[in-house]
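Biologist: I would like to learn how to read strand pairing and aromatic contacts in a model of this kind. Could you take me through them step by step?

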Amino acid sequence: MNNFSEAMAWLLSHRNYGIKPGLERIEAVLEHLGHPERAINSIHIGGTNGKGSTVTYVRQIMQQAGYNVGTFTSPYVVQFEERISINGTPISEEEFKVAATSVREALERVNHPYGPATEFEILTLIAMVHFANGKELDLVIFEVGLGGRLDSTNVIHPLVSAITNVGQDHMHILGNTIEDIAFEKAGIIKQNVPIVTTVANDEALRVIRRIAQEKKGTDHYCSR
């Protein structure tokens, strides 16, 4: 790709593929890219509401403490590029083009048999390539796009995971009950990784605690 406009046009051309929950495609591409996600110290934030504001709060706190912090968020407020930012500064058009070109080349090698990648999968890959590309970041905060368990951001192994709350969202994908949705949100809980939650719903909290306990007793990190 020669410029930012071409990179954006290519990314947006994948919007027609809609939402395809699952990690097979992105994991295959990450392998071809040399696993940039493994070079990143990260925090993973999921939940029904409040994810974006929580990302902002954590970033501001870490920046005030002198750390360099990347953020991957959705949606954007002013410009598309702010979804991939470092210390609040959006990715430049040149940086976006460079990262997108690397991702496109990798996708062309692994597209079959997984099928075309979605727009969000590609954007997640672009963010990971960008953050791992010599940016000397202390931390990257990833906001879950949808759900958690099968969200494309769930390929990271974070320092800590957070679930803000659980409500009735995207029920056609995540399930018909609060327990079903909580199960999908709790999919970001990793083995031996602390989980923090402000979930107030008792049914959802029981699901989160159960899964936390299954991940070697991390439930003592859960708080209301």
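Modeller: Two strands pair if DSSP finds at least two bridges between them, and the strands themselves are DSSP runs of E with at least two residues, while helices are runs of H or I with at least four, each numbered from the N terminus. The model is predicted, so local features need pLDDT of at least 70 and side-chain atom pairs count only at pLDDT 80 or more, whereas totals for chains, interfaces and linings use all residues. Residues are numbered from 1 along each chain as its sequence is written, and side-chain values use heavy atoms, with hydrogens and water left out.

Biologist: In which sense do β6 and strand β7 pair, and over how many bridges?

Modeller: Strand β7 (residues 195-197) pairs with β6 in the parallel sense over three bridges, and Ser161 stands opposite Ile195 in β7. Strand β6 (residues 160-163) also pairs in the parallel sense with strand β1 (residues 42-46), here over four bridges, with Gly46 opposite Ile163 in β6.

Biologist: How is a pair of aromatic rings described?

Modeller: One gives the distance of the centres and the angle of the planes. Rings of Phe, Tyr and Trp (its six-membered ring) pair if their centres lie within 6.5 Å, and planes under 30 degrees apart count as stacked, over 60 as edge-to-face and the rest as tilted. A search of the whole structure finds six aromatic pairs. One of them joins Phe4 and Phe96, whose ring centres are 5.4 Å apart and whose planes stand at 70°, so this pair is edge-to-face. Because Phe4 lies in helix α1 (residues 4-12) and Phe96 in helix α4 (residues 93-114), the pair ties together parts that are 92 residues apart in sequence.
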